[in-house]
Amino acid sequence: MFASIPSACTVGYDSILVDVQVDVSAGFPSYTIVGLPDAAIQEARERVRSAMKQSHLTFPDIRITVHLAPGDRRKEGAGFDLPMALGIAIASHAIKPVGDIPLCLGELGLDGTVLPVAGALSMTLLAKQLGYKAVVVPQANAAEAALVPNITIYSAPTLLAVTEHCAGKTLLPIQPYQIPKAVSKQSVAELSAIKGHAVIKRALAVAAAGRHNTLLYGPPGSGKTILAKALRHLLPPLTVNEMLEVTRLYSVAGLLSAQQPYIADRPFRQPHHTASAASIIGGGRVPRPGEISLSHHGVLFFDELPEFPRAVLEALRQPLEEQQVTVARVEQVITYPAAPLFIGSLNPCPCGFYGDPEQDCRCTPVQIQKYHKKLSGPFLDRMDIFCYVPRLAFDTLVGHQPMDTADTLQAAVLLATQRQQHRFRQTNIIANAYIPHAALEKYCPINEESVIMLRQAMQVMHLSPRSFHHIIRLARTIADIADSPDIGVSHVSEALQYRRPPLQHTHPST
């Protein structure tokens with residue numbers, strides 16, 4: 001006999017429909033799986049056999065053939081265990097289904113329990129797009145799948161419960177639809193606890209408001225790392241669409257759990273400098289999202305930037321420009337969204353004291369030049385803000401810190417974000433830093449006085465056309481923070497102050 005059970009599997013960020021076709025016929029006992037399965041799917045034979053026996057379902061000792069259609073697409077993961085077992089039970093007349101079989105996915109334990117799988121949210125979205133009315137998912141994935149509206153989510157604890165549901169005996173419990181709730185407001189206590197650095201905090205607020213990539217440089221111990229970590233608390237709460245995008249990425253990566261079915265807060269990722277290019281960008285033998293995608297709509301922080309391999313830094317250039325990562329393979333091309341706020345920190349030189357007014361630098365000019373050459377010009381050109389973080393004076397460290405400063409900055413960032421959401425409400429643009437080149441004149445008009453200032457800056461600072469456009473976008477964000485509908489000279493002037501790369505550093509007055 002023949003049975004067909006609809007299922008799905010993830011292919012990068014997206015999913016594809018897979019028809020699990022089962023044929024049980026007379027012949028020498030065998031269990032064959034075709035349709036380009038990977039090793040995990042091939043091992044399903046033993047899992048399905050044991051799970052069916054533990055669920056008091058007769059496993060037929062005859063010829064069993066399972067085809068995962070379409071046969072020309074490679075399938076990965078253990079999520080086909082449940083539809084395979086269900087198909088074998090139907091084809092061998094162990095159960096008689098009542099009505100249509102819903103789309104099923106789930107791994108089976110040897111005792112018949114249905115175990116969670118990665119990518120349940122992505123596959124549920126696919127089922128809804130294809131017009132399926134219901135999906136059977138593992139119990140641990142039910143809350144995650146229930147983020148998709150207008151589709152019934154059946155929570156499956158065991159294989160036996162699924163077979164009784166399909167036979168019309170006992171229905172599976174339905175997981176109610178839930179609207180994800182973001183963290184309403186970030187606590188700025190960490191930022192408030194940082195003494196001094198008023199100029200740096202202002203720059204970080206600008207970066208948070210417009211999602212502008214930022215480099216912090218200064219002597220060791222000046223506070224670069226703690227400032228970068230505190231930046232995430234200035235970011236506004238995730239919108240519902242942003243939460244779904246981030247949750248989908250974490251679902252595909254297998255980083256969700258029953259206790260945390262969705263991502264409610266903006267992600268903060270800080271990979272170590274020994275991380276490989278594949279772990280940062282994405283890919284691998286079994287493609288999965290990298291750190292730049294896992295920090296989507298959040299913060300990606302690279303501490304000690306020059307210590308990262310040059311290949312990793314150069315690989316960041318395209319994603320930072322296009323807000324997505326494309327992983328090309330012989331058989332398929334996978335695209336992951338990647339729109340993080342990138343923050344990097346570095347010392348001015350190998351010893352860390354180049355330009356420090358209190359401690360002499362021990363590095364030679366050649367060593368300093370070699371150190372900075374680890375960061376290529378095209379990579380630095382993708383940074384919007386460069387901030388020198390000086391060592392704080394003793395009086396500043398022990399002095400009184402105004403507690404309302406961080407709250408004021410957070411309120412200004414929220415105001416600027418709301419202005420951008422209103423401005424881009426009919427587009428796919430999410431922040432000023434991502435305004436396309438073709439739309440700059442529409443969204444960032446500048447007056448003649450600002451044009452004169454920019455012309456002089458281009459000549460003196462030797463700015464590239466890309467840097468020029470970054471300055472325009474940065475000035476737009478500064479104007480939004482000031483609640484100004486127009487970009488003025490003061491906004492352009494402040495944007496230019498943030499365009500001093502590390503090698504052009506001269507110690508500012510504090």
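Student: How many aromatic pairs does the count come to by the rule?

Tutor: The model is a predicted one. In this model the count comes to 7 aromatic pairs, where ring centres must lie within 6.5 Å.

Student: Why is the pair of Phe302 and Phe342 called edge-to-face?

Tutor: The ring centres of Phe302 and Phe342 are 5.3 Å apart and the planes stand at 65 degrees. Planes over 60 degrees apart count as edge-to-face, so the pair of Phe302 and Phe342 receives that name. The pair links distant parts of the chain, since Phe302 belongs to strand E15 (residues 299-302) and Phe342 to strand E18 (residues 341-346), 40 residues apart.

Student: Are Phe302 and Phe342 buried or exposed?

Tutor: Buried means under 20% relative accessible area. Phe302 has 0% relative accessibility and therefore counts as buried. Phe342 likewise has 0% and counts as buried. Phe302 and Phe342 also form one aromatic cluster with Phe308 and Phe379.

Student: What makes the pair of Phe424 and Tyr443 edge-to-face?

Tutor: The centres of these two rings, Phe424 and Tyr443, lie 5.1 Å apart, with planes at 80 degrees. Because the cut-off for edge-to-face is over 60 degrees, the pair of Phe424 and Tyr443 qualifies. Phe424 lies in the loop between helix H18 (404-423) and helix H19 (440-443), whereas Tyr443 lies in helix H19, so the pair ties together parts that are 19 residues apart in sequence.

Student: How do you know whether Phe424 and Tyr443 are buried or exposed?

Tutor: The limit for buried is under 20%. Phe424 has a relative accessible area of 3% and is therefore buried. Tyr443, at 11% relative accessibility, also counts as buried.

Student: Which charged end sits over the ring of Phe424?

Tutor: That of Arg423, at 5.5 Å from the ring centre. The distance limit for a charge over a ring is within 6 Å. Elsewhere, Arg232 lies over the face of Phe268, at 4.6 Å from the ring centre.

Student: Why are the buried residues of helix H15 (residues 365-372) said to be on the same side?

Tutor: The buried residues of H15 are Ile368, Tyr371 and His372. They cover an arc of only 90 degrees around the axis, which puts them on the same side of H15. As background, an α-helix has 3.6 residues a turn, so residues three or four places apart point the same way. The face of H15 turned away from the buried side carries the exposed residues Val366 and Lys370. What covers the buried residues of H15 includes E18.

Student: What makes helix H4 (residues 120-129) largely enclosed?

Tutor: In H4, 7 of the 10 residues are buried, so this helix is largely enclosed by the rest of the structure. The buried residues of H4 are Ala120, Leu121, Ser122, Met123, Thr124, Leu126 and Ala127. H4 lies across E1 and E2, running at about 85 degrees to E2. After H4 comes Gly131, whose phi is positive, near 95 degrees.

Student: In what order do the strands of the open sheet that contains E1 and E2 stand?

Tutor: The order of this open sheet of 4 strands is E1-E2-E4-E3, with mixed pairing.

Student: Why are strand E1 (2-11) and strand E3 (30-34) called edge strands?

Tutor: E1 and E3 each pair on one side only. From one strand to the next, the twist averages 20 degrees.

Student: How do you know that E1 and strand E2 (residues 14-25) pair?

Tutor: Pairing requires at least two bridges. E1 and E2 are joined over 10 bridges, in the antiparallel sense.

Student: What makes strand E8 (residues 134-138) mostly covered?

Tutor: In E8, 5 of its 5 residues are buried. E8 runs parallel to strand E9 (residues 152-156), to which 5 bridges join it. Ala134 has Thr152 in E9 as its bridge partner.

Note on methods
Residues numbered from 1 in each chain as written. Predicted model: local features only at pLDDT ≥ 70, side-chain atom pairs only at ≥ 80, totals over all residues. Heavy atoms only, no water. Helix = DSSP H or I, 4+ residues; strand = E, 2+ residues; numbered from the N terminus. Axes fitted to C-alpha atoms, helices over the stretch in contact; angles between N-to-C directions. Contact = heavy atoms within 4.5 Å. Phe/Tyr/Trp six-rings, centres within 6.5 Å; stacked < 30°, edge-to-face > 60°. Buried < 20%, exposed > 50% of the residue type's maximum accessible area, 1.4 Å probe, protein only. Lys NZ or Arg CZ within 6 Å of the ring centre and 35° of its normal. Arc of directions from axis to C-beta.
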